[in-house]
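Let's go through a structure together and ask where its labels come from. Have a look first, then follow the questions.

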Amino acid sequence: MRASSGSPSISGPSLGFLLPLRREMVSVGSLPFTIEAYTETSMIVLSNTYHRTVSSSLKQQNQRSAEGVGFLVDKMVGRSGKWPTPLRARAATSDLNSGQRSDDPDEAIQATIEKSKKVLAMQQQLLEQIAERRKLVSSIKGTSLDSKEEQNSNEQMDGSFPIPGFPSCNDEGTVDSLNGSSLPVSNDNLDVRKQLDAVPTFSSRPSDKNDEKQVVDLKKIISSAGPKDQLKSISKIKYSDVLPDRKDQLKGSSKKILPDSKHQLKGSSKKKSSDFVPAFLASKSSYSAVKEEKNGQPSEPTLKVDSDAAESESVDVKPSPLAGVNVMNVIIVAAECAPWSKTGGLGDVAGSLPKALARRGHRVMVIVPRYANYAGLQDTGVRKRYKVDGQDLEVAFFQTYVDGVDFVFIDNNMFHHREQNIYGGDHQDILKRMTFFCKAAVEVPWHVPCGGVCYGDGNLVFVANDWHTAMLPVYLKAYYRDNGLMIFTRSILVIHNIAHQGRGPVDDFHRVDLPEHYMDLFKMYDPVGGEHFNIFAAGLKAADRVVTVSHGYAWELKTIEGGWGLHGIINEIDWKMTGIVNGIDSKEWSPQYDIHLTSDGYTNYSIETLQTGKPQCKAALQKELGLPVREDVPLIGFIGRLDHQKGVDIIAEAIPWMVGQDVQLVLLGTGRQDLEQMLRDFENQHRDKVRGWVGFSVKMAHRITAGIDILLMPSRFEPCGLNQLYAMNYGTIPVVHSVGGLRDTVIPFDPFNESGFGWTFDSAEANKLVHALGNCLLTYRQYKKSWEGLQRRGMTQDLSWDHAAERYEEVLVAAKYQW
Ligand SMILES: Nc1ncnc2c1ncn2[C@@H]1O[C@H](COP(=O)(O)OP(=O)(O)O[C@H]2O[C@H](CO)[C@@H](O)[C@H](O)[C@H]2O)[C@@H](O)[C@H]1O
């Protein structure tokens, strides 16, 4: 819904069958407002175009009831506490000035109208102050700044320009109130902050609409504050809350009241001088201006042009965020992120979970190394220096904005040309890369303006992934929170695979620049590794919350077999651990929209066209692989890393049985050289039936998923597994070892009830695989109806990230309120 771009409409919001008894016009600035009184329901309605915006979003919050409108009036008159329910304004039976009941409904309505006029007058006053401030800001922008001014303006990059006479965040973490007194950031204020965080999202608009925008924003803020705090909350409006801005920056999450603690660095490090502060942090340059010199020239931080911002002539009316009051700033930090970099499932998750969180209304950023010269990235011009293992290295920050998510790329030579070998190099190399990456990532919310505005560190959660970024929760604590910085920032560590832990000799501790007393977090002993340095162990202890990618794996991690030496720690941190099954990117991995199915004889298909589309993809795959093109032969596939985890050797053991059947088999993978060779050998030995594709090809992974009938996943352990989810979404039937996330997601087929999604076997052994696959083939050949039922059930599941994102949100909130 869009509001008109002309002068605001003065018609009231639709209350269905009701006609207003009284209507009066008032104006705020150039904007006319109507005040309407409905005696039948005792409702008072303030309206103009923008008011409808607010009331419609409130209506949504309140199940589209007219209560939403009443709620707005509640806030506008600031007396809801005296009314029978906080959501409904029964104005006709209350005297709004005294709170006493009045026998004269007309009098009460008149009082409400008077009160409403006062509120509107107050708004007008606010608008004037804002206009003044805007003039001031633009005159500052137009003047050449001396260095002190420049630093000040840079410190305001989070958008928190104070309104003259209005509250601003000060160094003590308090918010100055309207009358100059100070409000500590108390629970009370946090309530207001939560409410402010939850304001609906509006699109950015051309600057000539600024005044209108400000009215919308003021109304949003007023209407979202708690009734009794309505005036208090007005006194907390920051200039950033009313500045026109890019739509994603207007999300509630960016309207933090908490101060950005980088401004407190000096004071707090003085206070805690005994605490360890690494050299790079202590150096003033590392937290100075956001704008830094680029090639000797002062450079403006790059402001991203939102593609749809320019096109928007009027207000995009959006419903309030799904996350409601839980809207936060979320920064996902990962060593890989699809589509730019991917070696496996982590890349998929880092590329798609953020988008689902953004859809819920969070302001979301992903930080990932810049391994190659990716197209479409902008150099932000920001440069920082970090010390790693005694070396002082410069980092540049690139960025782009896709599907509501800010993607920030950490750039340094050490990452370049690594896209084919992200985790390559010797032990020291990778330790250095990941340490450097984490040191730079943790300061991104201070230094890198996305859409012109830094995230800041209030209401912020980092989500680190696997051992590569498990240093981040440790640095957050050791460098910042122990020094009174980023005190409202939280960290979550996601376990995608505990088998890789960042182990090394104890001496490695001296390469990661931490105070001595942090050694205990890293030091581990086990019979295999002896005494060693373990990054995953430290991250798990330091993170505020831990997530793993399925319920089954969360349980397995606590066992000796599943914990890979970390089961002791996992059991200790059980209280802060949650299992959340991954979702899938339903645009990227959908047979209907899959871009890899649009050529070479493949075709997109949906559940409606399954019976024609999938056979067409099967024929195209057989043709592309050089296998006999036959619709009746079951085509079986495997996609994955060729290593012990994925159990491709178990398939190898079953090959003699398989080739004795009338089947075709395609295996796609890369990894251990002996297993790669094994794939080639199988192809050579059984050219009419087997294809072994050695390599990493996203296109082939999609085409195989669409073209095969059956997907094998005999993984020895599988934290979640994405291929079985993709398979089910494409009407391909999984046959899996019932472990970890595979057990959670592949419900075994029950022929009596015609339920379930595939076949499972209970131990990672070839004979078990053969037994399960035998039953699967029998159903494929002889029970076509059951087969189709399996396909349809798989395809109609909701495998999207939306549900998982909701669960992640619960964890974000738990972390936020945890100390
Ligand atoms: N040769 C190849 N060519 C093209 N694409 C290939 C490929 N080999 C694998 N892939 C792709 O890589 C992804 C692998 O996903 P998995 O879930 O199996 O992840 P992986 O074990 O890497 O990750 C870990 O993290 C994920 C995410 O949490 C968990 O699901 C998983 O259990 C855990 O082991 C899929 O998208 C797959 O198509």
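Helix H20 (residues 610-625) packs against helix H23 (residues 698-707) at an angle of about 125°, and their axes are 8 Å apart.

Q: Why is H20 called oblique to H23?
A: Angles under 35 degrees count as roughly parallel, over 145 as roughly antiparallel, 65 to 115 as roughly perpendicular, and the rest as oblique. The angle here is about 125°, so H20 is oblique to H23.

By the way, this is a predicted model, where local features need pLDDT of at least 70 and side-chain atom pairs count only at pLDDT 80 or more, while totals for chains, interfaces and linings use all residues. Residues are numbered from 1 along each chain as its sequence is written, and side-chain values use heavy atoms, with hydrogens and water left out.

Q: Which residues of H20 meet H23?
A: Contact means heavy atoms within 4.5 Å. On the H20 side you'll find Lys614, Cys617, Lys618, Leu621, Glu624 and Leu625, and they meet Met700, Arg703, Ile704, Thr705, Ala706 and Gly707 in H23. By class, that contact has six nonpolar, two polar and four charged residues.

Q: Which residues of H26 and H27 meet?
A: Cys776, Thr779, Tyr780, Arg781 and Gln782 in H26 meet Lys784, Ser786 and Trp787 in H27. Sorted by class, this contact has three nonpolar, three polar and two charged residues.

Q: What makes Met486 stand out?
A: Met486 has a positive phi of about 45° although it is not a glycine. Most residues other than glycine have a negative phi. You'll find Met486 in the loop between helix H14 (471-480) and strand E14 (489-495).

Q: Where is the cis peptide bond from Ala338 to Pro339?
A: Pro339 sits in the loop between strand E8 (329-333) and helix H12 (345-359). The bond from Ala338 to Pro339 is cis, with omega near 5°.

Key. Helices (H or I, at least four residues) and strands (E, at least two) are DSSP runs, numbered from the N terminus. Ala, Val, Leu, Ile, Met, Phe, Trp, Tyr, Cys and Pro count as nonpolar, Asp, Glu, Lys and Arg as charged, and the others, Gly among them, as polar. Axes are lines fitted to C-alpha atoms, for helices over the stretch in contact, and angles run from 0 to 180 degrees between N-to-C directions.
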